[in-house]
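I opened my notebook to look up a few things in one structure. Here it is.

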Amino acid sequence: MCYDARTQIIRQIKDAVHLGNYYEAIELKSKLNVLEAEFWDSGIENYYHYVSGFSHPLMVIYTNNDPTKPSLATWGLIPEDTRTKDDALKISNMTLNARSETMFSKPSFVKSAESQRCVVYFEGFYEHHHQDKKTYPYLIGLKNDQMMPLAGLYADWEDPKTGEEMRTFSIVTTSANETMSLIHNNPKAKFGARMPVILPPENITEWLNPTPAYANDERVVLTNLCQPYPDEELVEHAVGRLKGKEAIGNIPEVINEVNYEELVLKL
């Protein structure tokens with residue numbers, strides 16, 4: 001699954017990681033300046049060295065309805081027909097991830113899978129390995145410290161009572177590759193080992209195709225983009241405790257490699 005992340009918002013805005021050829025356009029640069037101003041006004045943290053999806057952080061997404069314009073969205077998708085804020089909070093805790101195999105059949109995700117897809121950039125994500133009734137957190141990233149384009153779904157929700165508007169998103173997941181199968185070995189995992197869908201550059205444009213995927217063949221094309229990422233393109237290492245009394249929180253040192261002498265996992 002993908003519930004914990006590492007990402008820097010301003011790096012996402014400034015580094016021109018998305019559809020790079022568009023970033024030479026003056027118009028887009030002005031959009032980025034506006035977004036950066038909105039971000040600083042929001043008061044959220046710039047750098048998530050470690051952040052839990054269950055805290056519903058605000059992040060940058062690129063949507064298939066405007067693929068070159070970044071926007072800010074909250075992690076935890078809220079379907080537009082959600083009636084109350086209490087319902088929205090409950091649902092958002094269950095929609096941090098969307099399984100690629102069922103995104104076109106689950107009521108919470110089907111509309112977004114059809115016509116509201118997005119890309120979210122992480123610097124890495126965290127997953128826990130289970131051994132002898134203990135858990136050991138790992139940080140997984142791409143080689144050369146590249147930004148990681150993750151397939152996502154988004155939805156715009158308006159609180160019927162207050163008129164408050166929110167853009168929200170979910171990370172699409174797929175079956176794990178060999179490395180992630182070794183790390184993500186939670187015996188209680190209902191669907192086995194999973195990992196987020198990391199999109200190779202050549203697949204981003206197809207994922208952000210603005211044409212709604214109502215027909216089965218269009219859905220098959222999108223589902224087929226949701227493949228396990230090649231093991232050899234990932235780097236990973238164990239880190240310190242992310243949860244509980246030993247957790248050090250959202251500080252730079254949280255990403256440092258930690259050697260657990262009792263850990264027998266060999267990658």
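My entries below go through strands, one arginine and the cysteines.

**Ground rules.** I am working with a predicted model, where local features need pLDDT of at least 70, side-chain atom pairs count only at pLDDT 80 or more, and totals for chains, interfaces and linings use all residues. Residues are numbered from 1 along each chain as its sequence is written, and side-chain values use heavy atoms, with hydrogens and water left out.

**Strands.** I looked up strand 1 (residues 4-8) and found it antiparallel to strand 2, with four bridges joining them. Helices (H or I, at least four residues) and strands (E, at least two) are DSSP runs, numbered from the N terminus. Two strands pair if DSSP finds at least two bridges between them. Ala 5 stands opposite Val 51 of strand 2. Is strand 2 (residues 47-52) enclosed or open? I noted that five of its six residues are buried, so strand 2 is largely enclosed by the rest of the structure. Buried means under 20% relative accessible area, exposed over 50%, and partly exposed in between (1.4 Å probe, protein chains only).

**Arg 219.** I found Arg 219 in helix 7 (residues 216-224). Arg 219 has a relative accessible area of 18%, so it is buried. Which residues does Arg 219 touch, not counting those up to four places away in sequence? I listed Phe 104, Val 110, Glu 114, Ala 213 and Tyr 214. Contact means heavy atoms within 4.5 Å. A polar atom of the Arg 219 side chain lies 3.5 Å from the backbone oxygen of Phe 104.

**Cysteines.** I checked for disulfides, pairs of cysteine sulfur atoms within 2.5 Å. The count is zero. Cys 118 has 0% relative accessibility, so it counts as buried. Cys 226 is buried too, at 4%.

Terms used
A polar contact is a pair of N or O atoms within 3.5 Å; within protein, one must be able to donate a hydrogen and the other to accept it, and residues adjacent in sequence count only if both atoms are side-chain atoms.
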